[in-house]
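Me: I have a structure open and I want to learn how to read it. Can we go feature by feature?

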Amino acid sequence: MSKELSAYLLTPMSDGREVDEAAFRGLLQRVREAGIDSVTVLGSTGSYAYLSMAQRQRVVHLAAEQLPGVPLQVGISAMSLREVLEHARVAVEAGATSVLVAPMGYQPLREDEVIELYRSVAGFCGLPVTVYDNPRTTHFQFTDALYAELASLPGIAGIKIPPVPGAQTEVTARITGIRGAVGDEITLGISGDPHAATGLVGGCQLWHSVLAGTEPVAALKLLQAVNSANQDLIHDLSARLEPVWELYAKAGSSVRAVAAIAHHRRLASQYNLPLPLRPAGSNLRPVVERAVAALDEISAES
């Protein structure tokens, strides 16, 4: 079965305060024209935690209007279950095809609380639910046993796992272990763009890609190499994308990196992240330029 790609979009801001709707429409058109399998809005790349309820609703409706016929996953994470369910209602009414939920909590969440969160969401919205395992942000650690319990809940359709560093044999063994815990019906997705290729080769079915939200053509090239099982091309593209991964590391996060790329390409304003976040600074301009040059070279190839 072919692997698929979900593009995680920035929510570009105007001077860090209001959603830049023109820039957002431009990004939506960019991924649509590239032929992306699906689009995700209001994930971590979409800065959901920094936006008001009204801003998040507007983002969902803009995406649904711009992407008729394209599978649309909406991030509905929030601190309280009341807010999560309200975001789920908006997603359903807008025509989303699935929702993404991370276990957010100011107080550290217990496993029983996380289970109840996903049980409540799945029972409320009726859409396929993707479990978002993002320990760097949520500080919650999933176990394989918890994966298995969540996978058994009606309505849980996928798990977005964190990046799995290491050699291909190690990555494959880790993903095989998760697969054994959750069964064959759950879609396993990999995050962390620098480790996407090994995760997909190792058994993940879906790439949850920050890069694809701004640079969909380059991301699709890597996906196509994986789907053709062309190991030489996978290694070649992975090596040529190193300037992008360098930018990710030096910017401090992938979202700051792609925000800088979006500004460099004039797809969004300079301060296109919600305050107090800032894209990669001017001191990283040479790194941004190297990353964009690598992306342009890859995207231009037939």
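**Reading the fold, step by step**

Reply: Start with a backbone angle. Just after helix 1, glycine 35 has a positive phi of about 85°. Keep in mind that this is a predicted model.

Me: Which residue takes a positive phi just after helix 10?

Reply: That is alanine 229, with a phi of about 55°.

Me: Back to helix 1. How many residues does helix 1 have, and how far does it reach?

Reply: Compare the end-to-end reach with the expected one. Helix 1 covers residues 21-34, which is 14 residues. From first C-alpha to last it reaches 20 Å, close to the 20 Å expected at 1.5 Å a residue.

Me: Which residues of helix 1 are buried?

Reply: Look for residues with under 20% relative accessible area. In helix 1 they are Ala23, Phe24, Leu27, Leu28 and Val31. They cover an arc of only 140° around the axis, which puts them on the same side of helix 1.

Me: Which exposed residues sit on the face turned away from the buried side of helix 1?

Reply: Ala22 and Glu33 are the exposed residues carried there.

Me: What do the buried residues of helix 1 pack against?

Reply: Their partners are strand 1, strand 4, helix 2, helix 9 and helix 10.

Me: How many residues of helix 10 are buried?

Reply: Nine of the 12 are buried, so helix 10 is largely enclosed by the rest of the structure. Among them are Pro216, Leu220, Lys221 and Val226.

Me: Now the strands. In what order do the eight strands close into a barrel?

Reply: Follow the pairing from strand to strand. The order is 1-4-5-6-7-8-9-10, and the pairing is parallel. From one strand to the next, the twist averages 25°.

Me: Which strands does strand 1 pair with?

Reply: Count the bridges. Strand 1 pairs with strand 10 over four bridges, in the parallel sense. Three bridges join strand 1 to strand 4, and these two also run parallel.

Me: Which residues stand opposite each other in these pairs?

Reply: Leucine 5 has tryptophan 207 in strand 10 as its bridge partner. Alanine 7 stands opposite serine 209, also in strand 10. On the strand 4 side, serine 6 faces serine 38.

Me: Is strand 1 mostly covered or mostly open?

Reply: In a regular strand the side chains alternate between the two faces of the sheet. Strand 1 is mostly covered, with four of its five residues buried.

Me: Where does helix 7 lie?

Reply: Helix 7 lies across strand 8 and strand 9. It runs at about 150° to strand 9.

Me: And aspartate 144: is it buried, partly exposed or exposed?

Reply: Aspartate 144 lies in helix 6. At 25% relative accessibility it counts as partly exposed.

Me: Which residues is aspartate 144 in contact with, beyond its neighbours within four places in sequence?

Reply: Arg174, Gly177, Ile178 and Ala181.

Key
Residues numbered from 1 in each chain as written. Predicted model: local features only at pLDDT ≥ 70, side-chain atom pairs only at ≥ 80, totals over all residues. Heavy atoms only, no water. Buried < 20%, exposed > 50% of the residue type's maximum accessible area, 1.4 Å probe, protein only. Pairing = 2+ DSSP bridges. Expected span 1.5 Å × (residues − 1). Arc of directions from axis to C-beta. Contact = heavy atoms within 4.5 Å. Axes fitted to C-alpha atoms, helices over the stretch in contact; angles between N-to-C directions.
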